[in-house]
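Grab a pencil and work through these exercises with the structure open beside you. Try each task before you read its solution.

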Amino acid sequence: MASASTSKYNSHSLENESIKRTSRDGVNRDLTEAVPRLPGETLITDKEVIYICPFNGPIKGRVYITNYRLYLRSLETLSSHWRFEVDTCLFQDSSLILDVPLGVISRIEKMGGATSRGENSYGLDITCKDMRNLRFALKQEGHSRRDMFEILTRYAFPLAHSLPLFAFLNEEKFNVDGWTVYNPVEEYRRQGLPNHHWRITFINKCYELCDTYPALLVVPYRASDDDLRRVATFRSRNRIPVLSWIHPENKTVIVRCSQPLVGMSGKRNKDDEKYLDVIRETNKQISKLTIYDARPSVNAVANKATGGGYESDDAYHNAELFFLDIHNIHVMRESLKKVKDIVYPNVEESHWLSSLESTHWLEHIKLVLTGAIQVADKVSSGKSSVLVHCSDGWDRTAQLTSLAMLMLDSFYRSIEGFEILVQKEWISFGHKFASRIGHGDKNHTDADRSPIFLQFIDCVWQMSKQFPTAFEFNEQFLIIILDHLYSCRFGTFLFNCESARERQKVTERTVSLWSLINSNKEKFKNPFYTKEINRVLYPVASMRHLELWVNYYIRWNPRIKQQQPNPVEQRYMELLALRDEYIKRLEELQLANSAKLSDPPTSPSSPSQMMPHVQTHF
């Protein structure tokens, strides 16, 4: 069982072990190459391959497959012009290292056949979820490809083979327990809840009201639990309107839910209509409740055919409805595929701008940010409380509520605050991580796959670029979250909802990603962060101010110059380190000085004699 309790083992650095094992020919071979392994990670097989590097051509190496990763070490010494230092490939003693968590793999295909004659035409083609592909050529004799294909398929897609995800085997221990980061009662208390208008209800304690909502919900004080049950019958998946955030001063709120079940016949539900009025009346200063439907209006109308719909003016007299024109999961999936096509393996410089435009990725980012700005502005101004929904309330709704809260509440811009935001608005409120990412699942064509959470993180990165001092965390913090979104090393993003995680005892049996991050916070801190209270951020969501996140989407291409840290930032970090060094030396001198003062016979006669000479850089 994985534990997050205190341990002497520092799992930020991986174990390096020399592994002995018996090969297929019965020879006991000592694998002197250091293969990094996590506690609980075991070696399954190793094989000599040709790695078809898309940038430098074929490289002979040995690949090691564990129950967590695919690890390649080149067998030949690479010339200096072949060595490049990017995240894809590490270099150690002139050898190329490729380290890929198996959870990142989306598809494994056989390349070539038994009669293939071309050089390096027989092997495996691996498609990854993190914007890269891998290709390995193998010898055609001895079923070498079949063995590797079967082992990779078995451990990259464990759920299809009745095996556990690696997170349930991971035995890492940290000195910080990431599972304690988010406590819903404490977070709502921080917001000043409950109060005279809002109460905490445990009606969903056993997930009987809504199996995709958290156990604890905040609802209007005047709405009884019986009212909530009646409202649930008229909301898709029983996802009733519940509070996400309350403004500390004007007391307007952000409420989230799913679409009403209006259908083609235009059904109405008096309990639902009354409930939205009760939400509006929690603040006596406002006359209308603003409803933001994340969908394009044509999609919302089309959803009537499947029993869904939207809040019409004639049924909801005290509400205003606006459509935000954010497209569905299928459009976003196809858009990201187009991004991958233009960034990997080659970037076509001559048509870069037109190619990027044709993906529509930044247009989608713009629409999500624009919608969140509208939500934040409406609440910040005190003009209206806001209700947000899309179809089921777990994709676009999560994007809008969490981004608006990030704009409104500076607490969420700290490292711990952002972790709480993700735990609350995404994980506990049932974003379907398992379905959208496909953890351990071999069905790469599943229509439920979609980069909704990646899109949210991209929006956060865009905000951090426009407000470089507003966020405590840096770019590396966002990248490591995305990397472990796929890796299956931690339990944080596993399963679709809180009830499923409780059934699987995820917090008891796995480690939290926040344990890794919070045990080494300095690595993820923004040196320019300036803590501000109650400052609202309004990013500019125009195409002129948005850019492709090169350090994430194109990080695997060594020919594209990475966006290097700002020289001012680098110098600032150096000065901070220098300051820490001087503070430490000063403390040592003060200790030494106090020890001398406590011994009168040897006490020096002047302060200058007491203070040893300290050399500085100035």
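A residue counts as buried under 20% relative accessible area, exposed over 50%, and partly exposed in between (1.4 Å probe, protein chains only). Helices (H or I, at least four residues) and strands (E, at least two) are DSSP runs, numbered from the N terminus. You're looking at a predicted model, where local features need pLDDT of at least 70, side-chain atom pairs count only at pLDDT 80 or more, and totals for chains, interfaces and linings use all residues. Residues are numbered from 1 along each chain as its sequence is written, and side-chain values use heavy atoms, with hydrogens and water left out.

**Exercise 1.** Work out which residues of helix α7 (residues 352-359) are buried, and how they sit around the axis.

*Solution.* Start with the list: Trp352, Ser355, Leu356 and Thr359 are the buried ones. Now look down the axis of α7: these residues fall within an arc of 95° (taken from the directions from the helix axis to the C-beta atoms), so they line one face of the helix. What covers the buried face? The cover includes α6 and α8, counting contacts as heavy atoms within 4.5 Å. Finally, step past the end of α7 and you meet His360, with a positive phi near 65°.

**Exercise 2.** Check the length of helix α6 (residues 329-343), then find what caps its N-terminal end.

*Solution.* The expected span is 1.5 Å times one less than the number of residues. For the 15 residues of α6 that gives 21 Å, and the end C-alpha atoms are 21 Å apart, so the two agree. The cap is Asn328: one of its side-chain oxygens lies 3.1 Å from the backbone nitrogen of His330. Buried residues of α6 include Ile329, Met332, Leu336 and Val339.

Definitions and conventions. Polar contact = N/O pair within 3.5 Å; in protein donor to acceptor, adjacent residues only side chain to side chain.
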